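Student: I have a model open on my screen. Can you show me how to read its interfaces?

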Amino acid sequence: MQYFTNHKWVQFIALVAIFFVLVMAIDPTSGSNLWRLQENIFWHLPNILNDGLKYLINDFWVVNVYDIELDLTEKSTIIKEFTHSISGAVLFCINLIRELLLGGVKTVVTFTSWDFVSDNEWARIPALPWTAVASGAFLLGHYLGGRKLSMLAGTSIIYIAVFGQWTPAMQTLSFVLVAVPLSVFIGLVMGIFAYKSKVFESILTPLLNVAQSMPHFSYLIPVVVFFGIGDHAGAISTVIFATPPMIRLTILGLKKVSPEVLEAGLMSGCNPRQLMFKVLIPTARHDILIGVNQVIMQCLAMAVIASFIGAKGLGYNLLVSLNMLNIGAALELGVSIVLIAIVLDKLSLAWANKQTNYFANLPFHLHYKYSLAFIGILIATSVLAYSASVFFPDKPNYLYIISKAQGLTTQSFWDTIVDWIITNTYQSVQSFNFFMTASILMPIKAAYLSMPVAATLFLVAGIGYLVGGLRSAIVVTMFIGFIALTPWWDRALITAYMVTFSVVTSVIIGCSVGVLCSRNPRATKVILLVCDTFQTFPSFVYLIPVIMLFGVSDLSVLIAVIVYATIPATRYTVEGLRNVPQPLQEAASMSGLNQIQRLLHVELPLAFPHIMLGINQTVIFSLFMVIIGAFIGTDDLGQLIMQSLSKANGMGQGILLGLCVAFIGLAVDHLIHTWSNQRKKALGIA
Amino acid sequence: MSTPSQPVIKCESVYKIFGEHADKVLKKSDGKVDTASLLEAGCIIGVNNASFDVNKGEMLVIMGLSGSGKSTLLRCISRLIETTAGNIFIDGEDLLGMNEKQLIDIRRNKMGMVFQSFALLPHKTVLENIALPLQVKGISTKDSMARAMDMVNLVELTGYENTFPRQLSGGQQQRVGIARSLAVEPEIWFLDEPFSALDPLIRKEMQDEFMRLQNVLHKTILFVTHDFDEAIRLADRIAIMKDGVIEQIDTPANIILNPATEYIAKFTRGVRRERVLSCQSIMEKHDASIDLSDITVAKDAVIDTIAEHVLSEQKPVAVVDEQGEIVGVLNKASIIQIMFGKTHQHLANNIPANNTAENQA
Ligand SMILES: Nc1ncnc2c1ncn2[C@@H]1O[C@H](COP(=O)(O)OP(=O)(O)OP(=O)(O)O)[C@@H](O)[C@H]1O
Ligand SMILES: [Mg+2]
C-alpha cells in the first residue's frame, strides 16, 4: 500500500486498468448515459445562443438613425450601428491602401458620391505602377536594414509582379497592412492596461486562454453575424484572432522589466506616461516584438482562412485553386503568401532595431534622400508607364501592371510534376495510403469511438488528480465534461484520435531530430533556422504539398498536421537541451559519464520540462491544423464548424464547437503546464 | 532654499515596515510604531527609527550586511517606496508631503541615482541612456544629446557613445549609469552598491574614478555598500545598519576607535587601522616642554604613510595643520599600538580626548 501511494506510475497503471475495465463493462448497445449522454438541456444551447445574439443585434437598445442619402429616419439598434461604423472604418482603411496600390474610386466615393465619380473621369486614385512599388520596397529595405533586406524585399515584389499575381497580392497586402497595425495597437493598449490593473488582468487572462485555443474557423462565424461578409469582416476576424498573443506578450514583457530599471526611470524624473513609453516599453521591446511578429504570422495565416468570409486576395485564389486541385497555381500563390510574410516580418524587425544618428548634421537633400529618391522613382516609373501606353496603345503595358494572363507561370511545370508523381507513384502511394488507413488509422479511430463517456471522464479526472491534485482533476473534468454534454462527443473523439496520432508522431520525430541536432552547434543553428522559416508559413500552405503528393484523404490531413506540429517539438527540444546549465554538463562529464549517459541522465531530465512545453505547443498546433484539415475533408469537429459557417443559424453551434475544441486544448495545456511547473520547481530551474 | 546651516537631507525617526498586516497593526496603535507587535504580526521591519542629517557636500556611506535595510533606507529617501512613519526633509522641504508633480520635479532637478545592477535600458545606446533624464525633462533632442556627450566624456567613455550596454564591460556599464545619474547635475547623489557587481580590480579603479568625480563635483552623497574597505576609503561619515537599526553613525576613524556596540567592534576587527586612521586621530596634546624631532607630519596624513619616518626618529614628531601650526605630537608608542596592538578597549584608553565627535547612534 505504501508502495502504491508513493509511486505515481503504479497509480497511473491502476488508473488505466480501471479505465479498460470500465470500457469493457459499459455496453454500447444499452444506450445508457454511461455510454453517451442522452439528449439534455445542453443540446439546446446553440439555439439559446442564437436567440440571445439575435435579440442583441435586432432588438436590444433600439435607436433612431437618420439616413442622409435616403432622407428618412430609420429604426436601428445600438449594436448594429456600432458594428456598422467599425465595418465602415475598417473598410475605408482597406480600400484606401488598396486603391493607393491598385487604383480605384471607392475612397473618392466615400467623400463624394457615385454620381460625382461617374461624372468626373479624373476623380479616382491612380494605381501605382508595379515598378514603383518594387523600387519602393528596395528603398525601404535599404533604409531599414541595408543591402540584404533591400534585395529580399525588392525581389519578392518583383517575383509577385512577374508571376502575374499583382492584384491579389496587393489586395492581401492592403488587408494585412490594416489588420497588423490594428492588432498591434489594440494588443499593446490592452496589455498596458492589464499591466497597470490587476483586476483587468485577472478578467483578461481566462479570456485570452480560451481565445488562443479556439480554432481559426470559429472566429469567422460570429464575425459574419455581426459584421457581415467582405474584406472588412475578414480583417476584423483576423484582428480578433491575432490580438491575444500580442496582449500576452506585452504583459509578459512589461512584467519582466527588472525593478531596478523601473526605479532608474522613476529617478530620472519620468512621469507615468514617460515611464511607460520611454522606459518600460522600450525595455520590454524584445517580447513586444515577438508579439508583433506573431501578429504578422497570424494575419497571413488568417488571410487564407478569412477568404471564406469574403476577404479578397491571394488567400481566396489559393482556396479556389486548391478546390479545383490546381496544385501548380496553389503552389505559386503559397510562395507569394510566404514571401509577403517573410518580408513584412523582416521589415518590422529592422524598423524596430533602427538606430538614429543624433550628430549627423546633414543637408536637406541627404537627410531626406530616401524620400526624395522615392519621389524621383515614382515620377520616372509613372512617366515610363504612361509613355509606354501612349506609344503602344494596344499592347499590354508590362511597365504598369502584369496581369494574370501575361505573367510568367510555372504552373504547367508543377502540374507536370504532379502528373508524373501521380502516374509513377500512384501504385505505391495508393498502397501506402491503403495500408495506413486500413491497418493503422481505422483501428485507432474505432478504438477511440468505442470510449464510453463515463470511462473517459474517469480517466481524465484520474490523470488530473495524479498530475495536479484535486484542483486539476476538477478543472480538466469540467473541460471534457462540457464536451460530453454536447451532442458532439463522437466528433470530438475523432478529433482526439487525429490529434493523438499526429502528436505522437510529431513528438517522436521532433524530439529525435532535436536531440540529434543539439549534439552539434552547427546543426543546432541550422535546425533553429529551419524551424524559424517553417514557422513563417501560414498553416494553410502546408496542405498544398500533401495534396500534391497524397491526394485528398484523411492521411494527407494527418501528414500536413504532423509536418506542421513537428516544428515546435523540434525547436523546444533543441532549446531545452541547449539551455542546460553549463556547470551541470561539465560536472556530469567530470563524473565520468559518456555522451549517451550524460544525455540520458543529466541533459534530458533537466530539459524535460521545457520539452514538455514544446509538446504542449505541438498539441495546440495539431489541434488547429486538424480543424483546418476540415477543408480537405474530415469528419471531426472541424467539419461541423465548416458546416455551421454556411448554415443560416450556425452561429450558436459554431461558437460552441469552437469552445469544444478550445476545451480539449485547454485541458491538455493545463495538465502539461501544471506538471512542467512542478518538475521545474523540483529541479530548481523555475 | 537651503541655507548653509541647513542639512540637505534630514531624516527624523524614519520607519519602513513591510508586510500585509502592517497597516492594521499601525492603525491599532494610532500610528505609533511598536516593533514587538509588528514582528508578531509577521511584518518585516526594513528601517527602524532612523534619524540623521547629511550636510551639503558630505558623503555619508551606509553600510551593513545583506538584508540590513540599506537599500530600503535609500529608497525611502528617494521616495521610491513610501515611508511608513517619520519625516524626511530635502533642503528643508517635506519630501513625504510632496505630490506626484513636486516629486517628479525634485527628481528631475535635484536627485540622481546609481544602481547595483546598472539598470540601463538594454535597447538604447549609451548616449540615449544618458540622455533619458534630460529628454524626460523636455530638453530638445539636440541639446540633450550634446549634454549627454559631455557626460560621456566626463566618465571617459568617449568613442562608446553609440554602443549598446550589452557590448560593454561591467565597469563601463556602471560608468554609463553614473553618467546618466549626473546628467541633470543633481545636488544629491544616491548610489546603491554601485561597485558590488564588479570584480576587485575594476572596483578599485571605479572607486578612484568616483573620488576624482567627487573632487570636481562636490555632491551631497548617500552611498550604500557592504564593503567596509570601500566605506572607509570614501566616506566622510559612515552609518552602520543592522536589522533596520542604525547602530552607529560617525567618522571612519571614530567607528574604528570607538565602536558603539559589540556588533560594530566585530565589524571593524579585521581592518588595518594604520591604513585608515590619520595622525590627527592618535596624536597627543602638544606640550611645549617636550623636545620635538625636526620633521613634522600633516594632521591628515594616513599613519601607514608616515609610520616609517616617525618610527626612525628618536624624539616625538610634531603634527601640523595646513598653516603649519603645531596641533599635537605623535609618539612612537601610539603608532606601534595602532599597528600591532590587539584590542580596541586598550587602544581607546590610550587615546587622548582629542576626538570631539560624539557617538550619535
Ligand atoms: N518589497 C519588500 N517586501 C517585503 N520585504 C522587503 C521588501 N524589500 C525589502 N524587504 C526586506 O527588508 C529587509 C531589508 O532589505 P534591503 O533590500 O534594504 O537590504 P540591503 O541592506 O539593501 O541588502 P543587500 O545588501 O542584499 O542589498 C530585508 O529583510 C528584505 O527582505
Ligand atoms: Mg540592497
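Student: How much area do domain 1 of chain A and domain 2 of chain A bury between them?

Tutor: The size of an interface is often given as the accessible area lost when the parts come together. This is a predicted model. Here, domain 1 of chain A and domain 2 of chain A bury about 2800 Å² between them. Carbon and sulfur atoms account for 90% of that area.

Student: Which three residues supply 22% of the area on the side of domain 1 of chain A?

Tutor: Ser213(A), Phe217(A) and Ile221(A).

Student: How many salt bridges cross the interface of domain 1 of chain A and domain 2 of chain A?

Tutor: The rule finds 0 salt bridges there.

Student: Now the chains. How much area do chain B and chain A bury between them?

Tutor: Read this one the same way. Chain B and chain A bury about 2400 Å² between them, with 63% of it on carbon and sulfur atoms. The contact takes 34 residues from chain B and 22 residues from chain A. On the side of chain B, Arg107(B), His123(B) and Val136(B) lose the most area to chain A. Together they make up 21% of what that side buries.

Student: How many salt bridges are there between chain B and chain A?

Tutor: The count is 2 salt bridges. Arg75(B) forms a salt bridge with Glu260(A), and the closest N and O atoms are 3.8 Å apart. Between chain B and chain A there are also 6 residue pairs in polar contact, both at pLDDT 80 or more.

Student: Which elements of chain B each supply at least two residues of the side that touches chain A?

Tutor: Look at α4 (100-109), β6 (111-114), α5 (126-136) and α6 (141-154) of chain B. The largest share, 6 residues, comes from α5(B). The side of chain B that touches chain A divides into 19 nonpolar, 8 polar and 7 charged residues.

Student: Which residues are around ligand 1?

Tutor: Start with the neighbours, then check distances to polar atoms. Among the residues around ligand 1 are Phe18(B), Ile44(B), Glu193(B) and His226(B). Gly67(B), Lys70(B) and Thr72(B) are also around ligand 1. A polar backbone atom of Gly67(B) is 2.8 Å from an oxygen atom of ligand 1. For Lys70(B), an N or O atom in the side chain is 2.9 Å from an oxygen atom of the ligand. A polar side-chain atom of Thr72(B) lies 2.4 Å from an oxygen atom of ligand 1.

Methods:
Residues are numbered from 1 along each chain as its sequence is written. Chains are lettered from A and ligands numbered from 1 in the order in which they are written. This is a predicted model: local features need pLDDT of at least 70, side-chain atom pairs count only at pLDDT 80 or more; totals for chains, interfaces and linings use all residues. Side-chain values use heavy atoms; hydrogens and water are left out. Buried area is the accessible area (1.4 Å probe) that two parts lose on being put together, summed over both. A salt bridge is a side-chain nitrogen of Lys or Arg within 4 Å of a carboxyl oxygen of Asp or Glu. A residue is near a molecule or strand if one of its heavy atoms lies within 4 Å of it. A polar contact is a pair of N or O atoms within 3.5 Å; within protein, one must be able to donate a hydrogen and the other to accept it, and residues adjacent in sequence count only if both atoms are side-chain atoms. Contact means heavy atoms within 4.5 Å. Helices (H or I, at least four residues) and strands (E, at least two) are DSSP runs, numbered from the N terminus. Ala, Val, Leu, Ile, Met, Phe, Trp, Tyr, Cys and Pro count as nonpolar, Asp, Glu, Lys and Arg as charged, and the others, Gly among them, as polar.
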